[in-house]
Amino acid sequence: MSRQSQRHEAAGVTQADELVAATGGEPEPSDPTRSVFDRGVTWCARGAAWLVFIAMGISVFEVIMRYGFGSPTSWVHESVVMLVAVSFALGGPAALAGNQHIRVRVLYDFAGPRLKLWLDRFNDLVTLGFCVAMSYAAFVMFWDASHNPFGEWSLERSGTSWNPPFPALIKGVIMAALIVMSVQALIHSVQSLRAKPTTPADGSR
């Protein structure tokens, strides 16, 4: 043990106090992700967040072309809708990975460690069932949008003068996002089923 640590220990200063002082009075937040898969989802979501910036950029381009040069585009509006829709769809896995979804904690905050564990298990299992069911519904929706009545590959299009296949692509992204959320929910369910209730003796508050 160093002399500085000995002096701090004699003065009643712990390493946790030093950490709080070094971070401006705020303890360093713990990692909210629950698995390596969640960390990968979070990393991908940070890149997907730039889709909103791209949508803003081409919206500004449209305003300049329309009102500055009298030459409106035929592709900006649908592209912006597609980019924003994709970012919203990918927000689901990102929120689940970062444990940032909305919760009603009236019962949870007053529950004991054992009841909290069972509530976590119930929540994770319900989330898993919901995500699997929604993944199936999204698969049916995407299949209808990507195949004609004869079962041949034919992407659904917007029907405008530009006529891009964005409707089918957006439905495909929604399906992919829900499948990712199903995998996340499965991992979370396994983790909660294997977990044991924590007590103050284990270091929890």
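Student: Leaving aside neighbours within four places in sequence, which residues is Asp-124 in contact with?

Tutor: In this predicted model, Asp-124 is in contact with Arg-34, Ala-185, His-188, Ser-189 and Ser-192, once neighbours within four places in sequence are left aside.

Student: Where is Asp-124 placed, and is Asp-124 buried or exposed?

Tutor: Asp-124 has its place in helix 6. Its relative accessibility is 6%, so Asp-124 counts as buried, the limit being under 20%.

Student: And Val-126, where does that one lie, and how accessible is Val-126?

Tutor: Val-126 also belongs to helix 6. With a relative accessible area of 43%, Val-126 is partly exposed, because that value falls between the 20% and 50% limits.

Student: What separates the C-alpha atoms of Val-126 and Ser-189?

Tutor: These C-alpha atoms are separated by 9.3 Å, although Val-126 and Ser-189 are 63 residues apart along the chain. Ser-189 is also one of the residues in contact with Asp-124.

Student: Let us step back. How many helices and strands are there?

Tutor: The secondary structure consists of seven helices and zero strands. Along the sequence, the pattern reads α-α-α-α-α-α-α.

Student: For contacts with a separation of 6 or more, what part comes from residues 24 or more positions apart?

Tutor: Residues 24 or more positions apart account for 64% of those contacts.

Student: Which residues make up the largest nonpolar core?

Tutor: The largest nonpolar core has 11 residues in all: Ala-48, Leu-51, Ala-55, Ile-58, Val-76, Val-80, Met-82, Leu-83, Val-86, Phe-166 and Ile-170. The elements giving two or more residues to this core are helix 4 (50-68), helix 5 and helix 7. Helix 5 gives the most, with five residues.

Student: What is Met-82 in contact with, leaving aside neighbours within four places in sequence?

Tutor: On that basis, Met-82 is in contact with Phe-166 and Ile-170.

Student: On to pockets. What is the volume of the second largest pocket, and how many residues line the pocket?

Tutor: The second largest pocket has a volume of about 290 Å³. Its lining has 15 residues, and those nearest its centre are Leu-96, His-101, Asn-123, Thr-127 and Met-181. Helix 5 (76-97), helix 6 (113-146) and helix 7 (166-194) are the elements that give two or more residues to the lining.

Student: Which helix gives the largest share, and how does the lining divide by class?

Tutor: Helix 6 gives the largest share, six residues. By class, the lining has seven nonpolar, six polar and two charged residues.

Student: One last topic: what is phi of Asn-99, and where is Asn-99 found?

Tutor: Phi of Asn-99 is near 55°, a positive value in a residue other than glycine. Most residues other than glycine have a negative phi. Asn-99 is in the loop between helix 5 and helix 6, and is partly exposed at 33% relative accessibility.

Student: And what about phi of Asn-163?

Tutor: Phi of Asn-163 is near 55°, again a positive value. Asn-163 sits in the loop between helix 6 and helix 7, and counts as partly exposed at 27% relative accessibility.

Notes. Residues numbered from 1 in each chain as written. Predicted model: local features only at pLDDT ≥ 70, side-chain atom pairs only at ≥ 80, totals over all residues. Heavy atoms only, no water. 1 Å grid on protein atoms, 1.4 Å probe; cavity = no way out; pocket = protein on both sides within 12 Å on 5 of 7 lines; lining within 4 Å. Points joined across faces, edges and corners; volume = space filled by probe spheres on them. Helix = DSSP H or I, 4+ residues; strand = E, 2+ residues; numbered from the N terminus. Nonpolar A, V, L, I, M, F, W, Y, C, P; charged D, E, K, R; others polar. Core = buried A, V, L, I, M, F, W, Y, C linked by side-chain atoms within 4.5 Å. Buried < 20%, exposed > 50% of the residue type's maximum accessible area, 1.4 Å probe, protein only. Contact = heavy atoms within 4.5 Å.
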